[in-house]
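Hi,

Here is the structure I promised to pass on. Have a look at it first, and then read my notes below.

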Amino acid sequence: MLVQRLVEDPRVDEVVGIDTEEPHHDLGDADFLKLDVRHSLVGKLVRAVGIDTVVHTQTTVDSFEQDPRRAHETNVIGCLNLLAGLAGEDSPVRRVVLKSSAHVYGSRPDLPGQLREDQRLDSSSTHSFVRDMVEAEANLVEFSIRNPQVDTLSLRFANALNPEEPAPLARYLDLPVVPTVAGFDPVLQLVHRNDCIEAMARATVGGPRGAYNIAGDNGLPLSALLDGAGKLHAPLLPPAGSVLVSALVARLGLADLTPQLIDLLRWGRTLDTGRARHHLGFVAARNTAEAFDEYVQQRRVLQFLPSHRQYTYERELEEYIHARRTRRAATATLKLASGDATDGADAGAAERAPASARPRRPRR
């Protein structure tokens, strides 16, 4: 959906998407290449096409994939390979945007409320995923130092709510009876999928380098959040270590929560979003309660749409449609240019006419 948003932005000339899997959504007029982020391929692509902005969204944030090795390959090695392909004086790239996570701060009882971007990151976390995301951001900072001509931005998202593809925390909140950790009522901030897309789009086309917290306003205690959405909840989880609780939850078949999410359900986390408001002009359209309520309503609707089918990418069809749109756009440009040449003969008469009678020249 970010691709669709950028295709419609008049400030963006061209969009090229790359992934190891075929798209799950219609990319519109964007091009698509099925390839990985080996630096040799990415480097060749950006130089051949003249790409000046790269948005890296392939980081795995709270995935159901529990294998630490695969997560490390995606979040650290994959990001390193990408940055290696974008580096160098001959590279046309001038902006890199990284999808990161607020998990880089950790979740502990000693953290201050309203975390700012200058808060020390949890590089010594006991959770490998958190350490990987901190390392990915560190690699981005090192890249920016070695390539000062490139503006680098990392967006630290609060836990996102996507009704079509729920992440583990969203699946947990989906449960008929939500089990909470006994003795804990953490303050949470959430963000809706559509607000995530808007934040990424704004970071793609503007804003100074640096990190940005992205979240809905007005964090709420988990109990108040669930009560407001009419969700039943009960303190069924023991206040033990996060790894033990995560394993217990998985065995019970309630939800597949990662250890860092169990920490979040004990200690909570709130973010200061002032920097994104000031420099990106971004304010989430939905606060935390509104984002959760809209998510719950959308999930209920989807339950009654068993015939809802996921978009299927067909390369030959997509290439034909894209080529046809390109030909039509080129024809329209030629006609416009021809019309401009014809208008030149009558330019003097048009200038002598009153303003209200002058023909409006088309915008380009």
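**What I found**

Asp90 is exposed, with a relative accessible area of 55%. Please keep in mind that this is a predicted model. Asp90 sits in the loop between α3 and β4 (95–101), while Arg47 belongs to helix α2 (residues 39–49), so the pair ties together parts that are 43 residues apart in sequence. Arg47 itself counts as partly exposed, at 30% relative accessibility.

**The chain as a whole**

Now to the wider view. The chain has 364 residues, and 41% of them are buried. Its secondary structure comes to 13 helices and 12 strands. Among contacts with a separation of 6 or more, 80% are between residues 24 or more positions apart. The accessible surface is about 19300 Å², with 53% of that belonging to carbon and sulfur atoms.

**The cores**

The largest nonpolar core has 36 residues, and those with the most contacts inside it are Leu155, Phe157, Tyr212, Ile214, Leu271, Leu280 and Phe282. Two or more residues each come from α1 (2–7), α4, β5, α6 (193–205), β10 (210–214) and α10 (274–280). The largest share, six residues, is given by α6. Apart from this core lies another one of 24 residues, including Val178, Leu188, Ala229 and Ile262.

Leaving out residues up to four places away in sequence, Leu155 touches Val97, Leu98, Lys99, Ser100, Ser101, Ala199, Met200, Ala203, Tyr212, Ile214 and Leu280.

**Helix α9**

Which helix has eight of its nine residues buried? That is α9 (residues 259–267), and with that count it is largely enclosed by the rest of the structure. The buried residues in α9 are Pro259, Gln260, Leu261, Ile262, Asp263, Leu264, Leu265 and Arg266. Two of these carry a salt bridge: the side chains of Asp263 and Arg266 meet at 3.1 Å, N to O. They are three residues apart in helix α9, which puts about one helical turn between them. Asp263 counts as buried at 12% relative accessibility, and Arg266 is buried too, with a relative accessible area of 15%. After α9 comes Gly268, whose phi is positive, near 75°.

**More salt bridges**

A search of the whole structure finds 18 salt bridges. Glu73 is partly exposed, at 41% relative accessibility.

**A few single residues**

Phe32 lies in strand β2 (residues 31–34) and is buried, with a relative accessible area of 11%. Neighbours within four places in sequence aside, Phe32 is in contact with Gly17, Ile18, Asp19, Glu21, Glu22, Pro23, Leu27, Tyr313 and Arg315. The C-alpha atoms of Phe32 and Asp19 are separated by 8.1 Å, and the two are 13 residues apart along the chain.

Asp19 turns up again among the contacts of Gln58, together with Thr20, Val37 and Thr74, once neighbours within four places are set aside. Gln58 is in the loop between β3 (53–56) and α3 (68–86) and is partly exposed, with a relative accessible area of 30%. Its C-alpha atom is 7.7 Å from that of Lys99, which is 41 residues away along the chain.

Is Asn147 buried or exposed? At 6% relative accessibility, Asn147 counts as buried, although its place is in a loop, the one between α4 (128–146) and β5 (151–157). Beyond residues up to four places away, Asn147 touches Ala87 and Gly88.

**Surface and cysteines**

On the surface, Val177, Leu232 and Leu236 form a nonpolar patch with about 300 Å² of accessible area together. Leu236 is in strand β12 (residues 232–237) and is exposed, with a relative accessible area of 57%.

How many disulfides does the structure hold? The count is zero. Cys79 is buried, with a relative accessible area of 2%, and Cys196 counts as buried at 12%.

Terms used:
Residues numbered from 1 in each chain as written. Predicted model: local features only at pLDDT ≥ 70, side-chain atom pairs only at ≥ 80, totals over all residues. Heavy atoms only, no water. Helix = DSSP H or I, 4+ residues; strand = E, 2+ residues; numbered from the N terminus. Buried < 20%, exposed > 50% of the residue type's maximum accessible area, 1.4 Å probe, protein only. Contact = heavy atoms within 4.5 Å. Core = buried A, V, L, I, M, F, W, Y, C linked by side-chain atoms within 4.5 Å. Disulfide = S-S within 2.5 Å. Patch = residues over 30% accessible without salt bridge, like charges linked within 9 Å, V, L, I, M, F, W, Y side chains within 5 Å. Areas by Shrake-Rupley, 256 points an atom, 1.4 Å probe, with all protein chains shown as cover. Salt bridge = Lys/Arg side-chain N within 4 Å of Asp/Glu carboxyl O.
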